[in-house]
Amino acid sequence: MSEGFIPVAAPVLDGNERAYVMDCLESSWISSTGTYIERFERAFAEFCGVRHAVSCSNGTTALHLALLAMGVGPGDEVLVPSLTFVATANAVSYCGASPVFVDSEPDTWTMDPASLEERITDRTKGIIAVHLFGHPADMRTICAIARRRGLFVLEDAAQAHGAECEGRRAGSIGDVATFSFYGNKIITTGEGGMVVTSDDDMARRMRQLRSQGMDPERRYWFPVIGYNYRMTNVAAALGLAQLERVEWQLERRRQIVSWYRQELGDAVGLSFQAEKAWARHVWWMFSVVLDGDEPTVEEVMAHLRGRGIETRPFVHPLHRLPPYLRDRDCVELPVAEHLGRRGINLPTWAGLTREHVRYVCDSLQECYATSRVS
Ligand SMILES: *Cc1c(COP(=O)(O)O)cnc(C)c1O
């Protein structure tokens, strides 16, 4: 971290990353064959408590592979929260299917099961539950609805490595789950992704689709059209080293968030994401939602930027983006809209110190002091 600048996220690469990457270079196994891929996949499957982990090039291709393996195709609808990163919906579009958007819960900000149920039609094929900012979606209720209506459940756990619902790991609860290892995620491979499942047949199909559709028993025979969505051995080497330190990452994040809550505990005008008693929140991002109209998100972000602090606004709710406006029968999604307009992600990554957090919180509270006097 450069002097006087606090980024919103940054990787910490102080474990075996260098040694494992050097091993790839020295052995010349730098492409998508090599021992680190198998080791990373096996370790990640164990981390999630599932039978299979299929590595791939990023979290978006992971979603695409999972949806294809679920048989999603043209004419199908898949329920997606409106408040998520755009990749969740884009992957549905890649299959020729339509994302149908669902509102958020006011406390956890994850997919609202009541809104979900309202949006099911006879074309609905499945649900993508997103564990937003590291808080698991209400999987007990979502899975019960899915079972009753014959839908699949895909967990988009891109932001939630290690999160838990009632003691069960994110990734092991739905039919299939995806993760991202982008540079700002809880653990990173630079660019990378993973699909996990305990279904043997699905794992086999995803491995085939990941590698141009090649028959695993017959070299250069391609019975289906696949993709090149493979991860490199170098990325897997980074991933294995990162995974060795994941519990430390999660502990640090919990500590940092407890500092934030101590500093901001009685701040007026700010709301925070809940952590339900049944949930282990892994705090990919600690966020605040501004309750009032003043100061605005733009004013707060500009003030913090002036203090050398990087922040991020929440995403625009996806049902408001040009490619998805066609979802015109869209009921109002007021919670997603409110959060999308007023949410800010504060710096959240393992290298932050108590002093950083205090400085961020003091700078944030200055916005309120100024707006009150003016
Ligand atoms: C980051 C992210 C993705 C996409 O992952 P990439 O590795 O960037 O392709 C998908 N869904 C969610 C919720 C994400 O946060």
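How do the residues of the lining of the largest cavity divide into nonpolar, polar and charged? In this predicted model, local features need pLDDT of at least 70 and side-chain atom pairs count only at pLDDT 80 or more, whereas totals for chains, interfaces and linings use all residues. Residues are numbered from 1 along each chain as its sequence is written, and side-chain values use heavy atoms, with hydrogens and water left out.

The lining of the largest cavity comprises seven nonpolar, five polar and two charged residues, where Ala, Val, Leu, Ile, Met, Phe, Trp, Tyr, Cys and Pro count as nonpolar, Asp, Glu, Lys and Arg as charged, and the others, Gly among them, as polar. A cavity is a set of points on a 1 Å grid over the protein atoms alone where a 1.4 Å probe fits but cannot get out, and lining residues have an atom within 4 Å of a point. Of the 14 lining residues, A10, P11, G183, K185 and I186 lie nearest the centre of the largest cavity, which holds about 70 Å³ of space.

The axes of helix 3 (residues 59–69) and helix 7 (residues 200–210) come within 9 Å and cross at roughly 125 degrees, the axes being lines fitted to C-alpha atoms over the stretch in contact, with angles running from 0 to 180 degrees between N-to-C directions; helices are DSSP runs (H or I, at least four residues) numbered from the N terminus. Helix 3 is therefore oblique to helix 7, as angles under 35 degrees count as roughly parallel, over 145 as roughly antiparallel, 65 to 115 as roughly perpendicular and the rest as oblique. In this contact (heavy atoms within 4.5 Å), L65, A66, L68 and A69 in helix 3 meet M202, R205, M206, L209 and R210 in helix 7.

Terms used
Helices (H or I, at least four residues) and strands (E, at least two) are DSSP runs, numbered from the N terminus. On a 1 Å grid over the protein atoms alone, a cavity is a set of points where a 1.4 Å probe fits but cannot get out, and a pocket is an open set with protein on both sides within 12 Å along at least five of seven lines; lining residues have an atom within 4 Å of a point. Grid points are joined across faces, edges and corners, and a volume is the space filled by probe spheres set on the points.
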